[in-house]
Amino acid sequence: MRAYDIIYKKRNGEKLSKEEISFIVDGYNKGEIADYQMSAFFMAIYFKSLDDEETFAFTESMAKSGQILDLSFLDGPTADKHSTGGVGDGTSLLIAPVLAACGVYVPMMSGRALGHTGGTLDKLEAIPGFNVNLDKDEFIKVLKENTFVMIGQTKEVAPVDKKMYALRDVTATVESIPLICSSIMSKKIAEGAANILLDVKTGNAAFIQKYEESKLLAKKMVSIGKMFGRNMKAVITDMDEPLGNVAGNSLEIIQTMEILKNKLKNEFKK
């Protein structure tokens, strides 16, 4: 089996087998398949797409590139929320501590900036000394002690998504629904949360600007999550204009802290 043949097959719009998808994901994760070949594969998917079986196989291979965490030992429910992103979207920064305050464990694996939108990890790193690069043991330790934790992909959990995430950002393949679906759900499955809420943004300030496409993405992600035994919900929310009153990593962190303290300063009010 060769990466060339798989790229060629998908370029021509043919369906890939589970074995072919696993081969190219595993090969890229191990460094046996080069960035230029994976870029070509992403572009083939962008134009020819993946059907539901292919998308599930792609997500499964990505999730299994590292460990899939089992958080059943925790003494409370586990839940996570993921937003597909948009300008000024700091909702994850607000929701995670609120859920934690209600006794819900929130193991949140977030992403960096994609396209024109800021990433949750980039925003957190605007806080001096904040470390988003925890290993698996540190991740679980912080989760047990603080009820929620926010990190990026690690060498142990969803490692291949970290490489693919960056490559999609520079190859103009961010907006592909199967690639968005697989990237998000591989992280959500690997992090171990039993309950997952998906916030699918739609509008001018989001990746996906058409409602029907957002609805399709939401349905695909919910379906995949259920196949892995997760309790899934999705909402489609308006992203025709920036959320909040500011945009920018450090400004959004400041605004989040002011909202959580119910002390929103005048300069942040409309």
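Student: Which residue in β5 does Leu 197 stand opposite?
Tutor: In this predicted model, Leu 197 stands opposite Lys 233 of β5.

Student: And how does the chain get from β4 to β5?
Tutor: The chain goes through helix α10, residues 211-227. The β-α-β crossover made this way is right-handed.

Student: How many bridges join β4 to β5?
Tutor: Eight bridges join them, and the two strands run parallel. β4 covers residues 195-202.

Student: What's the bridge partner of Asn 195?
Tutor: Asn 231 in β5 is the bridge partner of Asn 195.

Student: OK, the whole sheet then. What order are the strands in?
Tutor: The order is β1-β4-β5, three strands in an open sheet with parallel pairing.

Student: Which strands stand at the edges?
Tutor: β1 (79-83) and β5 (231-238) do. Each has a single partner strand, so one side of each has no neighbour in the sheet.

Student: How many degrees are neighbouring strands turned against each other?
Tutor: On average 15 degrees, with direction ignored.

Student: Which helix lies across β1, β4 and β5?
Tutor: Helix α9, residues 177-191, lies across those strands. Its angle to β1 is about 165 degrees.

Student: Switching to helix packing. At what angle do α4 and α10 pack?
Tutor: About 60 degrees, and their axes are 11 Å apart. α4 is residues 52-63. That angle makes α4 oblique to α10.

Student: Is that crossing right-handed or left-handed?
Tutor: α4 passes α10 in a right-handed crossing.

Student: Which residues make the contact?
Tutor: From α4, Asp 52, Thr 55, Phe 56 and Thr 59; from α10, Lys 220, Ile 224 and Met 227.

Student: How do they divide into nonpolar, polar and charged?
Tutor: The contact of α4 with α10 has three nonpolar, two polar and two charged residues.

Student: Next pair: at what angle do α3 and α8 cross?
Tutor: Helix α3 (residues 35-48) and helix α8 (residues 159-170) cross at roughly 70 degrees, and their axes come within 10 Å. α3 is therefore roughly perpendicular to α8.

Student: Right-handed or left-handed, that one?
Tutor: α3 passes α8 in a right-handed crossing.

Student: Which residues of α3 meet α8?
Tutor: Asp 35, Met 38, Ser 39 and Phe 42 of α3 meet Met 164, Leu 167 and Arg 168 of α8.

Student: And by class, what does that contact have?
Tutor: Between α3 and α8 there are four nonpolar residues, one polar and two charged.

Note on methods
Residues numbered from 1 in each chain as written. Predicted model: local features only at pLDDT ≥ 70, side-chain atom pairs only at ≥ 80, totals over all residues. Heavy atoms only, no water. Pairing = 2+ DSSP bridges. Helix = DSSP H or I, 4+ residues; strand = E, 2+ residues; numbered from the N terminus. Axes fitted to C-alpha atoms, helices over the stretch in contact; angles between N-to-C directions. Contact = heavy atoms within 4.5 Å. Right-handed = clockwise from strand over helix to strand, strands pointing away. Parallel < 35°, antiparallel > 145°, perpendicular 65-115°, else oblique. Left-handed = near helix turned anticlockwise from the far one by under 90°. Nonpolar A, V, L, I, M, F, W, Y, C, P; charged D, E, K, R; others polar.
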